[in-house]
Amino acid sequence: MNLHIGTWPLALSLFVATLATVCALLVGIPLAWLLARRRFRGRALLEVLVLLPMVLPPTVIGYYLLVMVGRRSTVGHLYETLFGAPLVFTPGAAVLATFVAAAPFLVRAAQGGFEQVDASYEDAARTLGRSEWSIFLTVTTPLAWRGILAGTALCFARAMGEFGATLMLAGNIPGRTQTASLAVYDAVQAGNFTRASTLALLLSLMTGLALAALTRAGRAPVDPLREPPR
C-alpha cells in the first residue's frame with residue numbers, strides 16, 4: 001500500500017474529528033446549558049434544530065451546507081473575499097461538515113448532564129454573590145462533567161466516521177479532502193479490498209481507543225471501603 005495515500009486519510013480524519021470536537025465543545029456546552037437551564041420563547045424550535053442533524057441523511061446536511069456556504073451564497077462569497085479562496089472542497093469544509101453532523105451528540109449528552117445537576121448548589125452560590133458566569137464555570141459545568149465527557153466521546157466517534165456531509169461539502173480529493181471513510185469507499189469501488197480492509201481496521205482501532213480512553217476517564221473511582229453489590 002502506498003504509504004502517503006494510505007496514511008493521509010487516517011491523519012486527515014483524526015485532524016478533522018479533533019478540530020470538529022473542539023468546536024463542538026466551544027459551541028455545544030453553552031448551548032446545552034441554555035437548553036437545560038433556561039425557558040424562553042422558541043426553545044422547542046431550537047431543540048429541534050439542534051437535533052435535526054442526528055436524524056437527517058448526511059447527504060442532506062451536506063447539501064444544505066453547500067447551499068449556505070457555497071461560492072454562489074452570500075456567506076461563501078464573503079469568505080472568498082476575505083480569504084482569497086472558496087471554502088468548499090477544502091479541509092476547512094470537511095471540519096465544518098463534520099462539526100454540524102457530530103455536534104448534536106455532544107449537545108444532547110451535555111444537556112442531560114446539566115439537567116441532573118441539583119439547582120440548590122447554584123442557588124447557594126448565588127446567595128454568596130457569585131455571578132451567573134462564575135456559577136456556570138465553577139459550579140454547574142464541573143458537576144455536569146460526566147455528561148459532557150460522554151457527549152465528547154460520542155461526538156468524536158461520530159466525527160471519525162463522517163461520510164455523506166463531508167463528501168457533499170469537501171469532496172473526495174485524494175491527498176487533500178479524502179478522509180478515511182471516503183478512502184474506504186474509493187478502495188471498495190476500485191476493487192482494492194486489501195486497502196479497504198486495512199483502512200477500515202485502522203479507523204475502527206483509532207476510534208475504539210479514543211472511546212475507551214474517554215470512557216475510562218469518565219468512570220467513577222472505585223471506593224476500596226465500599227462493599228461490592230450482591
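How are α3 and α5 oriented relative to each other? Let's work it out from the geometry. This is a predicted model, where local features need pLDDT of at least 70 and side-chain atom pairs count only at pLDDT 80 or more, while totals for chains, interfaces and linings use all residues. Residues are numbered from 1 along each chain as its sequence is written, and side-chain values use heavy atoms, with hydrogens and water left out.

Start with α3, which covers residues 58-69. Helices here are DSSP runs (H or I, at least four residues), numbered from the N terminus. The axes of α3 and α5 are 10 Å apart, and the angle between them is about 130°. Axes are lines fitted to C-alpha atoms, for helices over the stretch in contact, and angles run from 0 to 180 degrees between N-to-C directions. So α3 and α5 are oblique to each other. As for the cut-offs, under 35 degrees counts as roughly parallel, over 145 as roughly antiparallel, 65 to 115 as roughly perpendicular, and the rest as oblique.

Which residues in α3 and α5 meet? From α3 come I61, L65 and V69, and from α5 come L96, A97 and V100. Contact means heavy atoms within 4.5 Å. By class, this α3 and α5 contact has 6 nonpolar residues, no polar and no charged. Here Ala, Val, Leu, Ile, Met, Phe, Trp, Tyr, Cys and Pro count as nonpolar, Asp, Glu, Lys and Arg as charged, and the others, Gly among them, as polar.

Now look at α2 (residues 43-55), which also packs on α5 (residues 91-115): their axes come within 6 Å and cross at roughly 125°. That angle makes α2 oblique to α5 as well, but this crossing is left-handed. On the α2 side, R43, E47, V50, L51, P53 and M54 make the contact, and on the α5 side V100, P104, F105, V107, R108 and Q111 do.

Next, head inside. The largest nonpolar core has 33 residues, and A24, I29, L106, V107, A110 and F114 touch the most other members. Such a core is a set of buried Ala, Val, Leu, Ile, Met, Phe, Trp, Tyr and Cys residues joined through side-chain atoms within 4.5 Å. Two or more residues each come from α1 (3-37), α5, α8 (145-160), α10 and α11 (193-218), and α1 gives the most, with 10. Take A24: beyond four places in sequence, A24 touches I29, F99, A103, L106 and C155. There is also a second, separate core of 14 residues, including L65, V88, A94 and A165.

Leaving aside neighbours within four places in sequence, G28 is in contact with C23, L106 and V107.

Finally, visit α10 (residues 180-189), where A180, S181, L182, A183, V184 and A187 are buried. S181 has 11% relative accessibility, and the residues S181 touches beyond four places in sequence are S13, M160, G161, E162, F163 and L203. Just after α10, G191 takes a positive phi of about 80°.

Conventions
Buried means under 20% relative accessible area, exposed over 50%, partly exposed in between (1.4 Å probe, protein chains only). A crossing is left-handed if the near helix is turned anticlockwise from the far one by less than a right angle, and right-handed if clockwise.
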